[in-house]
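Let's take a walk through this structure together, pocket by pocket.

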Amino acid sequence: MRFDILTLFPDMFGGPFDESIIRRGQDKGLIQIALHQIRDYTVDRHRTVDDAPYGGGAGMLMKPEPLSAAIESVKKLNTEAAVLLTTPQGRPLTQKLAQELSLKPGLIIICGRYEGIDERIHQHYVDHEISIGDYVLSGGELAAMVLVDTVTRLVPGVLGSDESALTDSFGDGLLEYPQYTRPPEFNGLPVPAPLLSGNHAEIIRWRREQSLKRTAERRPDLLTQAVLSDKDRLFLKTLGVSNVS
Ligand code: 6GU
């Protein structure tokens with residue numbers, strides 16, 4: 001998967017992209033990331049990337065011409081890529097959307113800044129507008145990093161077998177069960193008995209029930225979409241939960 005990122009702040013990406021799983025994905029040749037400074041596509045002496053909105057109002061917009069030139073240029077490097085724009089007006093990023101995006105031949109990500117970008121860029125170039133949550137960021141760069149991280153984890157071969165994305169929260173639409181390591185008692189709190197039982201079937205059942213219980217308590221909205229068995233529904237019923245898939 002090739003990512004091309006169009007931004008006014010390429011230096012923001014150094015830390016996150018140079019460590020851990022994203023670093024390893026690049027080192028293994030499974031993902032490529034290229035950062036592009038939008039300002040490099042200006043043609044005026046002041047390298048102007050923003051301008052005031054027609055109709056007035058606070059803040060500045062990103063001008064269309066540098067963005068257009070940047071997108072046209074980057075499309076030649078990532079020919080089949082989908083074009084994404086990070087914006088609080090976008091479709092909420094979910095694991096399902098990340099899975100869809102991980103199947104694209106490549107991704108071009110435009111990081112919105114200022115109060116937004118000229119609408120004609122959306123119309124002409126953007127395939128998907130994506131938001132990472134209902135809160136305001138100073139710009140789309142952090143959102144782009146989140147996007148690259150979550151998609152990279154889904155590219156085959158990036159995660160080792162013991163990090164499999166399948167058991168992560170949201171893989172089956174449920175939150176993860178609680179985990180424990182040694183010692184068997186810490187600050188007076190014991191490790192739950194089923195985990196020490198050595199009984200594999202009992203461990204599997206306990207974990208499933210904990211996932212269901214946590215999801216019911218913390219994110220009941222997820223239960224209407226989760227992949228549930230009859231046994232899961234019976235267990236949820238003992239918790240007094242019936243509004244499920
Ligand atoms: Cl993608 N951009 C900005 N500026 N703020 C956000 C966002 C994106 N997603 C949530 N808040």
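Sorted by class, the residues lining the largest pocket are five nonpolar, six polar and four charged. Please keep in mind that this is a predicted model. The lining of this largest pocket is made up of 15 residues, and T94, Q95, K96, F170 and L222 are the ones nearest its centre. The space inside the largest pocket comes to about 470 Å³.

Now let's move on to the second largest pocket, which holds about 400 Å³ of space. Its lining counts 25 residues, with T86, T87, P88, Q89 and G112 closest to the centre. Which elements supply at least two residues each to this lining? They are β5 (82-92), α5 (119-125) and β7 (128-131). The biggest contribution to the lining of the second largest pocket is that of β5, which gives five residues. In terms of class, ten residues of this lining are nonpolar, eleven are polar and four are charged.

Where does the ligand sit? You will find the ligand in the second largest pocket. The lining of the second largest pocket, by contrast, does include four charged residues.

From S131, a polar side-chain atom lies 3.3 Å from a ligand nitrogen atom. I132 takes part through its backbone, where a polar atom is 3.0 Å from a nitrogen atom of the ligand. Y135 also uses a polar backbone atom, and here the distance to a nitrogen atom of the ligand is 2.5 Å. As for how covered the ligand is, it exposes 290 Å² when taken alone, and the protein buries 95% of that area.

Before you close the viewer, two spots in the backbone are worth a visit. What is the form of the peptide bond from R182 to P183? This bond is cis, and its omega is near 5°. To place P183 in the fold, look at the loop between α6 (141-152) and β8 (185-186). The other spot is R47, in the loop that runs between β2 (32-37) and β3 (50-51). R47 is not a glycine, yet its phi is positive, near 55°.

Technical notes: Residues are numbered from 1 along each chain as its sequence is written. This is a predicted model: local features need pLDDT of at least 70, side-chain atom pairs count only at pLDDT 80 or more; totals for chains, interfaces and linings use all residues. Side-chain values use heavy atoms; hydrogens and water are left out. On a 1 Å grid over the protein atoms alone, a cavity is a set of points where a 1.4 Å probe fits but cannot get out, and a pocket is an open set with protein on both sides within 12 Å along at least five of seven lines; lining residues have an atom within 4 Å of a point. Grid points are joined across faces, edges and corners, and a volume is the space filled by probe spheres set on the points. Ala, Val, Leu, Ile, Met, Phe, Trp, Tyr, Cys and Pro count as nonpolar, Asp, Glu, Lys and Arg as charged, and the others, Gly among them, as polar. Helices (H or I, at least four residues) and strands (E, at least two) are DSSP runs, numbered from the N terminus. A polar contact is a pair of N or O atoms within 3.5 Å; within protein, one must be able to donate a hydrogen and the other to accept it, and residues adjacent in sequence count only if both atoms are side-chain atoms. Accessible areas come from the Shrake-Rupley method with a 1.4 Å probe; for residues, only the protein chains shown count as cover. A molecule sits in a cavity or pocket if more than half of its atoms lie within 2 Å of its grid points.
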